[in-house]
Amino acid sequence: MKTYAPVTEAVLDALKTIVGAEYVLTEPEKLEQYQTDEETDPRKFHLPEAVVLPKDAQEIAAVIKLANTYDVPVTVRSGGTSLAGGAIPVCGGIVLLMERLNKIIELNAEGMYMEVEAGVRTVDIQKYANEAGFLYAGDPCSAESCLIGGNIATNAGGNKAVRYGVTRDQVYAVEVVTPTGEIVELGARLKKKSTGYCLEQLIMGSEGTLGIITKATLKLQPIPPYRFDLLAVFGDPEQALDVVPKIMQAGINPTSVEYMDNSYVRGTADYLEFKGAPHYENGIYVIITVETFSEDELDLKMEQLDELCSAAGAVDVLEADERIWDMRRNCQESVRLISLVSLTDDVVVPVNEIAGTIKFIMKIGEKYPFPVKINAHIGDGNLHIVLCKCELSDEEWENKVEAFHKEVYTYAYSIGGRLAGEHGIGAKKLREMETYTPAGELAIMRTIKAAMDPQLILNPGKIFDL
Ligand SMILES: Cc1cc2nc3c(=O)[nH]c(=O)nc-3n(C[C@H](O)[C@H](O)[C@H](O)COP(=O)(O)OP(=O)(O)OC[C@H]3O[C@@H](n4cnc5c(N)ncnc54)[C@H](O)[C@@H]3O)c2cc1C
């Protein structure tokens, strides 16, 4: 990896001139807060040398120009909820916080769009849209803590992706500060566009390596007035998994289809102190949300779902109230109860292969010394496999995790899958990115990065090692 220049007094003075002295942090206890994101293994933490809080795109552009002049790396940080080590400043340098860019600029009801600064919390966008009678359909489980710029940079998925798609499907246009410090507008508020390269889509999912998103124009949807959340509980994982393709083929067009294995049912119920969680002892949950614009259509679809789940062997079909959704949203957090160090994987496979993939993982998981827990956005083929270090030594943990991942990724790629469905590659999967990505695809990505960021200033050590 490239070696960068240190953040000197001259750099700090120049930063203070750009953003104001109170928005440049260098105290050790403050820097410590930004040495990790959701990464739990202290060996992966890395301290920044300075943290800056700019107020707008102009200040960000000036910081980036300065970083190029002094050859100092910059890592952008929004909510810091990355599960891929994306917000860790692995080469030191400057961490650039987005929290001061927190204005909702406009909601246009007639045009059904919102314009927001990149540092607005996702949940605040959802609420604002809702209060105006619209839906912003991006809905990661971390919505309370992450910021919209972080969602766009990682192309976050979430609970509504089955029906509405992922974050990139919710965005018309972005304002971006390039790695050389220019401010550009990419994309347009259009339903269709064949006017040269689709650069806004290139920025989305680029994990802070190709530009800093400072503003976004987001699509809004009408809110379907009728909704039902159903919990199908299974005793046998095979039955739970086999019902999913049937639901997808039945034309029900669900908004969400989520899966929690029994370790998560128990783990989240314990974490939330939810005493009466249905079928706590051995239930496997499939949570399905259906939304419609007519009551009759909702009734029909619920009947269809009930029949499909019962025929597949569900031991219970219930209404999934907010407590069940709380359990689903807290899968990640609940892991802390059993292990301070854990690893979340984010492999994605074609939807019709997800049942086979989970069965494969459950089978190979038996021979490993750590608990293997699975929850999944099962309706869009994206599974989260969580491995818990518990009391294992560092060496055993590392060796076994590597062997486990090798089996999982080899299987996933053999059926057309990819390493990450929504969390990104970050700092976590550089080696796997090299190993599994088709050579031609990787070469184009490297060429784009080198062309846009010739000094490799933005978020080095992420996605691939240059
Ligand atoms: C409990 C929990 C639940 C989660 N659930 C989901 C889920 O359902 N779906 C999902 O997809 N993810 C989920 N995640 C992962 C995480 O929340 C997402 O990746 C989220 O999009 C990150 O947003 P953030 O604001 O926290 O970004 P950060 O973690 O701060 O940054 C993430 C990456 O984006 C870059 N970045 C941040 N802001 C910008 C910007 N303005 N411009 C350019 N680059 C930028 C950073 O450099 C970094 O590489 C979950 C995480 C947790 C802890």
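How many helices and strands are there in the protein chain? And which residues line the second largest pocket?

Analyst: Start with the whole chain. This is a predicted model. The protein chain holds 16 helices and 18 strands. Its radius of gyration is 22 Å, close to the 23 Å that the globule rule gives for 466 residues, so the chain is as compact as a globular protein of that length. Along the principal axes, the C-alpha atoms fill a box of roughly 70 × 60 × 45 Å. Of the 466 residues, 53% count as buried. Now take contacts between residues at least 6 apart in sequence: 73% of them join residues at least 24 apart.

Next, the pocket. How is such a space found? Rolling a probe the size of a water molecule over the atoms shows where empty space is left. The second largest pocket has a volume of about 990 Å³. Its lining is made up of 44 residues. Nearest its centre lie Arg168, Gly205, Ser206, Glu207 and Met445.

Where does the lining come from? Helix H7 (199-203) and helix H16 (439-452) each supply at least two residues. H16 gives the largest share, four residues. Domain 1 (104-222) and domain 3 (339-426) both give residues to the lining, so the second largest pocket lies between them.

Terms used:
Residues are numbered from 1 along each chain as its sequence is written. This is a predicted model: local features need pLDDT of at least 70, side-chain atom pairs count only at pLDDT 80 or more; totals for chains, interfaces and linings use all residues. Side-chain values use heavy atoms; hydrogens and water are left out. On a 1 Å grid over the protein atoms alone, a cavity is a set of points where a 1.4 Å probe fits but cannot get out, and a pocket is an open set with protein on both sides within 12 Å along at least five of seven lines; lining residues have an atom within 4 Å of a point. Grid points are joined across faces, edges and corners, and a volume is the space filled by probe spheres set on the points. Domain bounds come from an automatic or database domain assignment. The radius of gyration is taken over C-alpha atoms; the globule rule is 2.2 Å times the number of residues to the power 0.38. Buried means under 20% relative accessible area, exposed over 50%, partly exposed in between (1.4 Å probe, protein chains only). Contact means heavy atoms within 4.5 Å.
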